[in-house]
Amino acid sequence: MSTLANTHPTAELQARDAAHHLHPFTAGAALAKKGARVITSAEGVFLTDSDGERILDGMAGLWCVNIGYGRGELADVAARQMRELPYYNTFFQTTHVPAIELAEKLAELAPGDLNHVMFASGGSEANDTNLRLVRTYWKFLGKPEKQIVIARKNAYHGSTVAATALGGMAGMHAQGIPSFDGVHHIGQPDWWSEGGDMTPEEFGLMRARELEQAIAELGEDEVAAFIAEPIQGAGGVIVPPDSYWPEIQRICDAHDILLIADEVICGFGRTGNWFGSETFQIRPDVMTIAKGLSSGYQPIGGSIVTDAVAEVIGRDEFNHGYTYSGHPVAAAVALENLRILQDENVVGHVQNTAAPHLAKAWAGLADHPLVGEAKLVGLMGSIALTPDKATRAKFASDSGTVGLMCRERCFANNLIMRHVGDRMVISPPLVISPLEIDLLIARAKTALDETLSAITAEGLMVPAT
Ligand code: PXG
């Protein structure tokens with residue numbers, strides 16, 4: 001059997017990929033024509049592709065490689081664990097050491113009395129767990145009619161059926177989930193795009209109060225929970241105005257609604273604290289985790305719940321779980337990742353060094369003629385591209401046309417920066433150094449200049465009317 005080594009010509013790998021591999025969130029025919037980029041190895045914050053190019057990964061993979069690439073300690077732990085106990089389940093009154101130790105460590109790291117963990121293989125599965133968990137919680141408490149979960153438009157909670165329904169991505173709903181009983185969506189706190197003439201603080205309060213209105217309309221007795229990302233990630237790194245989260249917390253408390261913080265992206269140092277809930281002073285009852293939990297080295301996620309929720313859910317059998325819940329290899333690797341994050345004070349590096357260094361340069365991007373707002377919390381940032389910053393105008397072209405061009409220019413300059421519509425987003429590995437941040441910014445500026453030239457030449461620097 002052949003192995004895929006760097007010696008394979010890129011075109012050959014692309015043709016074989018196109019022949020048999022269906023990619024997520026991809027138009028297959030167009031990709032087959034163009035050819036996928038082939039990543040062959042990675043170290044620190046740099047990827048290497050099959051042509052030998054070194055690319056600065058401004059996205060930490062998919063928002064997950066928090067400790068950076070190439071940490072051999074995690075590979076050693078995985079190999080050791082595979083030899084010792086490659087698999088056993090945690091059903092049927094059984095457990096094993098990696099699951100015990102990881103749950104214990106998460107209870108120590110998570111804020112407040114979030115002390116109990118149910119494992120999954122990723123964030124989508126964990127949110128499926130959460131939907132059934134909060135409904136079962138109310139059932140066990142004798143309030144079986146509290147079933148509706150309120151979520152937000154333009155939220156991303158994953159791609160399984162329940163996670164897609166909880167998410168607020170219209171394009172996803174249109175493919176297979178036209179409606180889903182028991183999920184209700186309210187507006188997002190995206191002041192730049194939707195705030196009109198209001199101040200950000202007024203707008204943040206207004207969007208938070210949509211939760212209270214929804215509870216009133218649906219009936220407090222029918223609503224189980226509210227789910228939200230502290231900062232929307234896949235939605236475009238939408239940082240809510242300061243007024244937003246305190247009001248949401250007040251409303252959840254006042255109306256006996258469980259608060260689920262989806263920390264899949266914000267968790268494990270991304271916002272400059274261990275959890276985004278600490279950055280925004282949220283007190284969730286349930287927290288979704290994945291991605292940075294293992295820095296992406298193994299697929300693992302989970303739901304961390306409070307003592308109070310665990311007590312109720314433990315009253316009877318919760319008929320739920322996955323073959324790989326608490327998988328020993330994934331759990332051991334996650335533990336080693338958390339050890340590195342802690343021992344090397346990576347969260348402190350974000351807070352004291354990397355984020356302040358990036359913040360200055362990032363804010364400076366707002367001086368570029370193509371850039372409206374530049375937002376950054378910890379190492380999670382976005383810039384809004386606009387043809388007219390004074391009016392926060394959208395482009396006349398279809399949403400994402402300019403963003404895609406900018407992403408292509410980033411890639412041509414060996415920088416991975418994503419686009420979400422016409423917003424550009426970054427989420428680099430948390431271990432990024434100040435020098436590497438300077439390189440990221442230099443490449444981003446070049447990409448922005450090239451995008452501006454291209455869209456000006458093509459007559460696209462035009463506001464929508
Ligand atoms: N919640 C949030 C907040 C996420 O960002 C999930 C849940 C689902 O996790 P899993 O592990 O099942 O993928 C996510 C995942 C993008 C992108 O394009 C973002 C995610 C996944 C794939 C692509 O930004 N986030």
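# Briefing: sheet, helices and salt bridges

Ile 148, Ile 150 and Arg 152 point one way from strand 5, while Val 149 and Ala 151 point the other way, and all are buried. Buried means under 20% relative accessible area, exposed means over 50%, and partly exposed lies in between (1.4 Å probe, protein chains only). This is a predicted model, in which local features need pLDDT of at least 70, side-chain atom pairs count only at pLDDT 80 or more, and totals for chains, interfaces and linings use all residues. Residues are numbered from 1 along each chain as its sequence is written, and side-chain values use heavy atoms, with hydrogens and water left out.

- Seven strands form an open sheet with mixed pairing, in the order 4-10-9-8-7-5-6.
- The edge strands are strand 4 (114–120) and strand 6 (183–186), and each pairs on one side only.
- From one strand to the next, the twist averages 25°.
- Helices (H or I, at least four residues) and strands (E, at least two) are DSSP runs, numbered from the N terminus.
- Two strands pair if DSSP finds at least two bridges between them.
- Strands of a sheet pair through backbone hydrogen bonds, either parallel or antiparallel.

**Strand 5 and its neighbours**

- Strand 5 is mostly covered, with five of its five residues buried.
- Strand 5 runs parallel to strand 7, joined by three bridges.
- Val 149 stands opposite Ala 225 in strand 7.
- Strand 5 also runs parallel to strand 6, joined by four bridges.
- Ile 150 stands opposite His 184 in strand 6.

**Strands 8 and 9**

- Strand 8 (residues 258–262) pairs with strand 9 (residues 286–289) in the parallel sense, over three bridges.
- Asp 262 has Thr 288 in strand 9 as its bridge partner.

**Helices on the sheet**

- Helix 5 (residues 97–109) packs on the sheet and touches strand 4, strand 9 and strand 10 (301–306).
- The direction of helix 5 makes about 135° with that of strand 4.
- Helix 6 (residues 123–140) lies across strand 4, strand 5 (148–152), strand 7 (223–228), strand 8, strand 9 and strand 10.
- Helix 6 runs at about 165° to strand 9.
- Contact means heavy atoms within 4.5 Å.
- Axes are lines fitted to C-alpha atoms, for helices over the stretch in contact, and angles run from 0 to 180 degrees between N-to-C directions.

**Salt bridges**

- A salt bridge is a side-chain nitrogen of Lys or Arg within 4 Å of a carboxyl oxygen of Asp or Glu.
- By this rule the count comes to 18 salt bridges.
- Glu 247 forms a salt bridge with Arg 250, with the closest N and O atoms 2.8 Å apart.
- Both residues lie in helix 11 (residues 244–254), three residues apart, about one turn of the helix.
- Glu 247 counts as buried at 9% relative accessibility, whereas Arg 250 counts as partly exposed at 36%.
- Arg 209, Glu 212, Glu 247 and Arg 250 are linked in a network of salt bridges.
- Asp 253 forms a salt bridge with Arg 283, with the closest N and O atoms 3.0 Å apart.
- This pair links distant parts of the chain, 30 residues apart: Asp 253 is in helix 11, and Arg 283 is in the loop between helix 12 (276–279) and strand 9.
- Asp 253 is partly exposed, with a relative accessible area of 44%, and Arg 283 counts as exposed at 51% relative accessibility.
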